[in-house]
Amino acid sequence: MENRPQWGSRAGFILAAAGSAIGLGNIWRFPATAYENGGGAFFLPYLFALLTAGIPILIMEFAIGHKYKGSSPLSLARLSPKAEWLGWWQVAISFFISIYYSVIIAWAMSYFIFSFKLSWGKDTEAFLYGDYLKLAEAPGQTGSIVLHVLIPLVLVWIVTLGVLLKGIKKGIEAANKIFLPTLIVLFLIIVIRAVTLDGAMEGLHAFFKPNWSAIGDGKVWIAAYGQIFFSLSVGFAIMITYSSYLPKKSDLTNNAFITGFGNSAFELLAGIGVFSALGFMATQQGIPIDKVVQGGVGLAFVVFPQIINEFPAFKQLFGMLFFASLTLAGLTSLISIIETFVAGIQDKFTISRTKSVLIGGGIASICSLLFATQGGLYFLDVVDYFINNFGVALAGLVEVVLVAWVFKKLSSLQQHANEVSDIRIGSWWKICLGVVTPLVLGYMMFDNFRKNIS
Ligand code: PHE
């Protein structure tokens, strides 16, 4: 426990935590989620979830990791021997996310290369599913590996595991210090160009136009909490693991606020960039904007290539900027996801870091190869659906209920955070975690479940 590695600097830790938070979820998940759940009105449940759940849980996870100095299963086991399983559950969710998250980064890398010649052509949908993923050629056949997906995927794993093998300071911290600032600069260029395109204002109007009736819908609130949890990487063992490498004197609360607001700022920026670009495309093609809005794979690999095709100038350059951003945003998050189970294995079996990286990363990378087959997209949808609908919000809810009510640790964690932080957290923090979050989230889930079965 004494010779646990440490971050080299406070900025290093914040960049790593923000690097984990800022990911594909910010770029391709947030804009469409907001649009589909009330547009401008979505900001209300979103901000509510950020302030009453996202940041308070972040403070809690930082305090757990910092106080108990272990990977999530070990820290939770030290919190209470009966809590270890929660850590492993979180590690398992992270593991499942990692096997498809890595594949998307691999696709983004391929599309970066395709940008040089705009190889996706005019029919970007046929290109993705047919030429690239080869789904059209072999319906129902899931066996064979598609080589041009496999090669970037192997590259993703080499980079990620390479970074992890170098350790906390020389690996994770050093990588984030380069990747995250680069990402922010690239993305700012994209957003500035996007908002000055023809039709950008129509796009922004569609994005911000509030549909107030959405506020009364439980589904919208679950979407807001789900977005906050996924986007801030809380409830996944990640922030507990990262904060276990903090030195004794570390301002936990302030770090949590910086990470939380930084992530949301990037999310808003991405929403503005994506919707400006969508507005531009709708105008160019003379179609209503709601016909072009989508999230996920479709947004990044079908719609964005089309938008780039329509660009007035420097098409190739913007293609490269966009897919480089996606790759960097993804890599810094993937590194954090893999670190959680690497750390979990290392603590549990007291083996060397090298061994646990090779075992943990090795298993995840082999599983991810499944997605390099012709049926990959099908698996991806299943896992993604499962994680988003049953994993994210539920894991967050269970975590706060257990820590607050079953193991009754909020007071001691509050005291721990206050001992090291400038900002002192008061009883509002305990009320948010112990009462508001469980009530709102529990009720919304129940309501949603009831509606689904009736
Ligand atoms: N927070 C990351 C994103 O927004 C994704 C992520 C989720 C990373 C869960 C780790 C764990 O894309």
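Tutor: A residue counts as near a molecule or strand if its C-beta atom, placed from the backbone, lies within 6 Å of it. This is a predicted model: local features need pLDDT of at least 70, side-chain atom pairs count only at pLDDT 80 or more, and totals for chains, interfaces and linings use all residues. Residues are numbered from 1 along each chain as its sequence is written.

Student: How many residues surround the ligand, and which are the closest?

Tutor: The ligand is surrounded by 16 residues, the closest being G23, G25, S233, F236 and S333. Helices here are DSSP runs of H or I with at least four residues, strands are runs of E with at least two, and both are numbered from the N terminus. At least two shell residues come from each of α1, α2 (24-36), α5 (84-115), α10 (218-232) and α14 (315-349).

Student: How many residues of that shell are nonpolar, polar and charged?

Tutor: Ala, Val, Leu, Ile, Met, Phe, Trp, Tyr, Cys and Pro count as nonpolar, Asp, Glu, Lys and Arg as charged, and the others, Gly among them, as polar. The shell has seven nonpolar residues, nine polar and no charged.

Student: What confidence does the model carry?

Tutor: The score to read is pLDDT, the predictor's confidence in each residue, from 0 to 100. The protein chain averages 91, and 94% of the residues score at least 70. The model's ipTM is 0.96 and its pTM 0.94.

Student: How many helices and strands are in the protein chain?

Tutor: The protein chain has 18 helices and zero strands. Its radius of gyration (taken over C-alpha atoms) is 21 Å, close to the 22 Å that the globule rule gives for 454 residues, so the chain is as compact as a globular protein of that length. That rule is 2.2 Å times the number of residues to the power 0.38.

Student: Why is α5 described as largely enclosed?

Tutor: Burial is a count: a residue is buried if 20 or more other C-beta atoms lie within 10 Å of its own, exposed if 12 or fewer, and partly exposed in between, with C-beta atoms placed from the backbone. In α5, 25 of the 32 residues are buried, so the rest of the structure largely encloses this helix.

Student: Where is the kink in α5 centred, and where does the one in α13 lie?

Tutor: The bend at a residue is the angle between axes fitted to the seven residues ending there and the seven starting there. In α5 a kink of about 25° is centred on S98. In helix α13 (residues 296-310), a kink of about 35° lies at V303, shortly before the proline P305. Both V303 and P305 are among the buried residues of α13, as is I307. I307 and A277 are 30 residues apart in sequence and 6.9 Å apart in space, C-alpha to C-alpha. A277 belongs to helix α12 (residues 252-285).

Student: What is the phi of K69, and what is that of S233?

Tutor: Most residues other than glycine have a negative phi. K69 has a positive phi, near 50°, and S233 has one of about 55°. K69 sits in the loop between α3 (43-68) and α4 (72-79), and S233 in the loop between α10 and α11 (238-243).

Student: Is each of these two buried or partly exposed?

Tutor: K69 is partly exposed, with 19 other C-beta atoms within 10 Å. S233 is buried, with 29.

Terms used: Expected span 1.5 Å × (residues − 1).
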